[in-house]
Amino acid sequence: VDGTALEVRLAARPVGPPRESDFALSETAIPQPADGELLVRNTWMSIDPSTRIRMNGGDSSYMPAFELGRSLESSAVGEVVESRTPDFKPGDWVAHPLGWRQYALLRAVGSRARAPKQIEVDAHTPARAYLGPLSWVGLTSYVGLLTVAELRENDVVFISAAAGAVGNLAVQIAKLRGHTVIGSAGSTAKVRFLREELGCDHAFCYRDGDVGELLRAAAPDGIDVYFDNVGGDHLEAALEALRLRGRVALCGAISDYNRDRSVGPGNLFNAVAKGLTLRGFLAPMYSREMDAFRREMRSWMAAGKIVYPETVFHGLEQAPSALIAQLAGENIGKVLVSLET
Ligand SMILES: NC(=O)c1ccc[n+]([C@@H]2O[C@H](COP(=O)([O-])OP(=O)(O)OC[C@H]3O[C@@H](n4cnc5c(N)ncnc54)[C@H](OP(=O)(O)O)[C@@H]3O)[C@@H](O)[C@H]2O)c1
């Protein structure tokens with residue numbers, strides 16, 4: 001493929017919430033695949049809160065930081081347009097980790113995390129579902145509840161950022177398994193969505209007051225499992241509300257991401273007093289469960305039991321605004337950028 005294409009690079013490391021000027025749209029020559037490589041025309045890319053963490057410099061035990069002046073990355077799907085490897089042919093659909101650009105040059109084999117994976121696209125399963133319910137995001141909600149928090153019969157479950165991508169799927173999975181579910185989110189519209197569209201038993205807007213009091217009102221008898229997407233005041237509230245031997249899946253701490261350090265709960269002694277289990281995780285640590293998860297998710301989708309709300313931005317130029325909007329809580333469901341022209 002000849003010509004040029006766009007990519008979004010890190011122009012400056014943000015201080016606090018990212019701004020448009022932290023990103024630069026650059027035009028580059030479309031790369032030519034060498035032996036063992038393939039060229040993919042990206043059609044959709046995922047917007048993820050973790051991108052904000054990776055925009056900071058410095059070493060951390062988390063994913064590698066982005067380099068200044070280099071393209072950002074996130075999950076993407078697209079169509080193979082050129083291939084110099086027998087593993088892929090033009091017309092194949094793949095999911096891979098090189099979003100934030102119109103064309104991605106990938107090595108067919110190599111690091112497991114970076115290798116492209118073939119995806120099955122059909123009338124019921126659009127390619128972008130592999131950035132939502134059939135993706136790492138879906139796996140995160142599934143293993144977070146079932147494996148990490150060891151969800152048990154009759155558990156009362158509290159999920160924060162419940163109207164977001166991971167949260168809304170976690171709510172739906174817990175409801176499909178018959179649990180009482182409490183969801184929190186940042187607006188009245190989201191609370192209505194949680195109650196009316198997802199079937200949350202109780203939902204509250206954390207901006208309406210003290211999170212601890214709001215949670216106590218929603219779950220006066222306490223909770224057994226907390227699926228933590230937020231950290232900070234939400235984690236503190238959950239530690240108060242958890243019953244004996246309750247479990248917390250530490251999935252994310254978005255209330256920290258625009259700060260340069262993470263804030264721990266001031267009431268961690270609850271973990272001692274109530275014999276709680278707090279377990280952090282990253283979905284790739286459970287990649288062995290991906291096939292089983294996808295089978296179950298596909299069957300729920302085919303039976304019409306899962307909704308997957310999306311907030312879609314159009315064009316790579318909109319990707320920075322999409323991330324800024326997500327961190328500001330302007331999305332319901334999965335934030336995606338359509339790269340189809
Ligand atoms: N462990 C893993 O492998 C893994 C994988 C994927 C994602 N995650 C984590 O899961 C969480 C959700 O990710 P996602 O991709 O599904 O994003 P998302 O929930 O679709 O979007 C982020 C949401 O977080 C909420 N939020 C932002 N700032 C907040 C604050 N200060 N306090 C409370 N809520 C705030 C906003 O909704 P409101 O209007 O409700 O504020 C926003 O819509 C993140 O913490 C992410 O890092 C973890």
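Strand β8 (residues 156-159) and strand β9 run parallel and are joined by four bridges. Within this pairing, valine 157 stands opposite valine 181 of β9. Strand β9, which spans residues 180-185, is mostly covered, with five of its six residues buried. The model under discussion is a predicted one.

The loop between α2 (136-148) and β8 contains asparagine 154. The phi angle of asparagine 154 is near 70°, a positive value in a residue other than glycine. Asparagine 154 counts as exposed because its relative accessibility is 65%, and the cut-off for that class is over 50%. A positive phi, near 65°, is also found at tryptophan 100, again a residue other than glycine. Tryptophan 100 belongs to the loop between β5 (93-96) and β6 (103-107). Its relative accessible area is 0%, so tryptophan 100 is classed as buried.

Attention may now turn to the charged side chains. How many salt bridges does a search of the whole structure find? The search returns 18 salt bridges. One of the pairs consists of lysine 334 and aspartate 48, whose closest N and O atoms are 3.3 Å apart. Lysine 334 is located in strand β15 (residues 334-338), whereas aspartate 48 is in the loop between β3 (37-46) and α1 (50-54); the pair therefore ties together parts that are 286 residues apart in sequence. Both partners, lysine 334 and aspartate 48, are buried.

Another salt bridge is formed by aspartate 201 and lysine 175, with 2.8 Å between the closest N and O atoms. This pair likewise links distant parts of the chain, 26 residues apart: aspartate 201 is in the loop between α4 (188-196) and β10 (202-205), and lysine 175 is in helix α3 (residues 165-176). Aspartate 201 counts as partly exposed because its relative accessibility is 34%. Lysine 175, with a relative accessible area of 25%, is also partly exposed.

Glutamate 7 and arginine 9 form a further salt bridge, and their closest N and O atoms are 2.8 Å apart. Arginine 9, at 25% relative accessibility, counts as partly exposed. Salt bridges also connect Arg41, Glu79 and Glu340 in a network.

Which helix contributes the largest share of the negative patch? Helix α6 (residues 232-241) does, with three residues. Aspartate 233 is located in helix α6. Aspartate 233 has 41% relative accessibility and so counts as partly exposed.

With a relative accessible area of 42%, serine 299 is partly exposed. Between the C-alpha atoms of serine 299 and alanine 113 there is a separation of 26 Å, and the two residues are 186 residues apart along the chain.

How values were computed. Residues are numbered from 1 along each chain as its sequence is written. This is a predicted model: local features need pLDDT of at least 70, side-chain atom pairs count only at pLDDT 80 or more; totals for chains, interfaces and linings use all residues. Side-chain values use heavy atoms; hydrogens and water are left out. Helices (H or I, at least four residues) and strands (E, at least two) are DSSP runs, numbered from the N terminus. Buried means under 20% relative accessible area, exposed over 50%, partly exposed in between (1.4 Å probe, protein chains only). A salt bridge is a side-chain nitrogen of Lys or Arg within 4 Å of a carboxyl oxygen of Asp or Glu. Two strands pair if DSSP finds at least two bridges between them.
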